[in-house]
Amino acid sequence: MNIRNIIASLLLVVCFQGKPLANAAMPGFWDVGAGINFIPFFAKDSVHLDKIQMQSELVTIMLYPGFAVVKGEYQMYNHSDTAINLTTGYPINSGFMNKAAYSVQMSDLYNLQVKVNGKNATVKRASSANVEAYHYKTLDHTDNWYIWEAAYAPQKLTKLTVYFIVNTNTAQLRKGYNADYHNGFSYLLESGRAWAKNINKGRIYVRLMDTLKIPSVQGVYPFKTFKTDGKQQMVYDFADLEPTENSNVVIRYSKKLNNFDFNKVLQAAPGYFKKIDALKGNELNTTGWKTVQAVDFKIYSKNGGILVIFPLIMAYLIPILIIVFAIIMWYKYKRKKAKQ
């Protein structure tokens with residue numbers, strides 16, 4: 001290979017070296033523990049969406065340092081004159097755009113249990129690559145779903161009850177190359193609009209547990225929507241709602257725990273589910289409660305320098321060294337030609 005080909009090859013390397021920073025500092029709230037409203041799994045079942053309405057929704061959340069326990073109770077009404085069987089699903093990982101943190105990326109949920117009219121449903125992880133899943137934004141990746149069968153009797157209410165646990169301790173609020181590490185929780189309310197009509201009424205009840213108090217909460221979205229007793233309880237009530245991305249709940253609270261053992265939490269899941277059953281958030285009278293003022297989703301750490309060193313080397317220093325080397329090689333080649 002002659003000197004011109006060598007230099008051309010080096011310059012090609014430089015050209016392909018230029019984009020390692022493209023998505024390295026995507027802003028947002030990453031790896032928050034999350035809850036996601038259920039929607040039909042199979043695309044063929046979407047024909048029933050105008051027949052089944054989520055009439056009421058009660059979501060109870062026990063927020064602990066490091067994790068959250070969630071119970072969802074949904075009253076589903078079949079407006080049609082025929083029974084409808086659906087394969088219903090919970091997306092495992094997801095994301096959405098948000099005014100508070102720009103982009104919210106949600107992590108896995110654990111120990112998922114589902115009851116249909118009080119009877120345990122069989123929950124499994126979807127795995128077939130040949131399934132055409134119901135398309136709902138980016139949530140239609142087959143292996144990204146837990147699914148179960150549910151039957152909806154005609155002109156009747158069907159109650160779905162869902163339990164699960166999420167790890168909130170891995171969350172990071174990021175902007176550029178700076179990041180703050182706090183506990184983060186989200187509930188994707190907007191997927192409830194997949195069902196017929198609006199949601200007649202709903203309540204999201206948050207109970208802060210252990211050492212957590214209202215001052216432990218730095219930011220809650222939607223802004224100024226939750227009410228609080230000022231101690232350890234927050235409530236978000238809604239009625240006749242067609243949820244959008246602006247309805248989704250995001251909570252930033254307490255610092256990340258060191259040496260947190262999430263597996264130990266999962267082993268104690270039955271006890272946590274029993275404890276959440278004892279909470280009666282729907283019976284609370286919130287008259288006199290004050291609006292939650294926590295709106296802080298800012299980044300305070302300036303720790304991006306360390307994170308940016310390596311990508312900067314890859315993006316700029318190495319290409320510069322290659323160009324300098326190519327110039328030196330070219331200069332030596334010209335001198336050698338001139339002496340001949």
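Close-up 1. L188 has its place in strand β15, residues 182–188, where strands (E, at least two residues) and helices (H or I, at least four) are DSSP runs numbered from the N terminus. This is a predicted model, in which local features need pLDDT of at least 70 and side-chain atom pairs count only at pLDDT 80 or more, while totals for chains, interfaces and linings use all residues. Residues are numbered from 1 along each chain as its sequence is written, and side-chain values use heavy atoms, with hydrogens and water left out. L188 has a relative accessibility of 2% and therefore counts as buried, a word that stands for under 20% relative accessible area, with exposed over 50% and partly exposed in between (1.4 Å probe, protein chains only). The C-alpha atoms of L188 and E245 are separated by 7.9 Å, although these residues are 57 apart along the chain.

**Close-up 2. Strand β11 and its partners.** Of the 8 residues of strand β11 (residues 145–152), 6 are buried, so this strand is largely enclosed by the rest of the structure. Strand β5 (residues 84–91) runs antiparallel to β11 and is joined to it by 8 bridges; two strands count as paired if DSSP finds at least two bridges between them. Within this pairing, L86 has A150 of β11 as its bridge partner. Strand β10 (residues 124–125) is also antiparallel to β11, with 2 bridges, and here R125 stands opposite Y146.

Close-up 3. An open sheet of mixed pairing is formed by 9 strands, in the order β9-β8-β12-β4-β3-β16-β19-β18-β21. Because β9 (119–120) and β21 (290–291) each have a single partner strand, they stand at the edges, and one side of each is left without a neighbour in the sheet. Helix α3 (residues 269–277) packs on the sheet and touches β3 (52–64), β4 (67–78), β8 and β12, where contact means heavy atoms within 4.5 Å. The direction of α3 makes about 55° with that of β4; axes are lines fitted to C-alpha atoms, for helices over the stretch in contact, and angles run from 0 to 180 degrees between N-to-C directions.

**Close-up 4. The pairing of β8 with β12.** Strand β8 (residues 109–116) pairs with strand β12 (residues 157–167) in the antiparallel sense over 6 bridges. In this pairing, V116 stands opposite L160 of β12.
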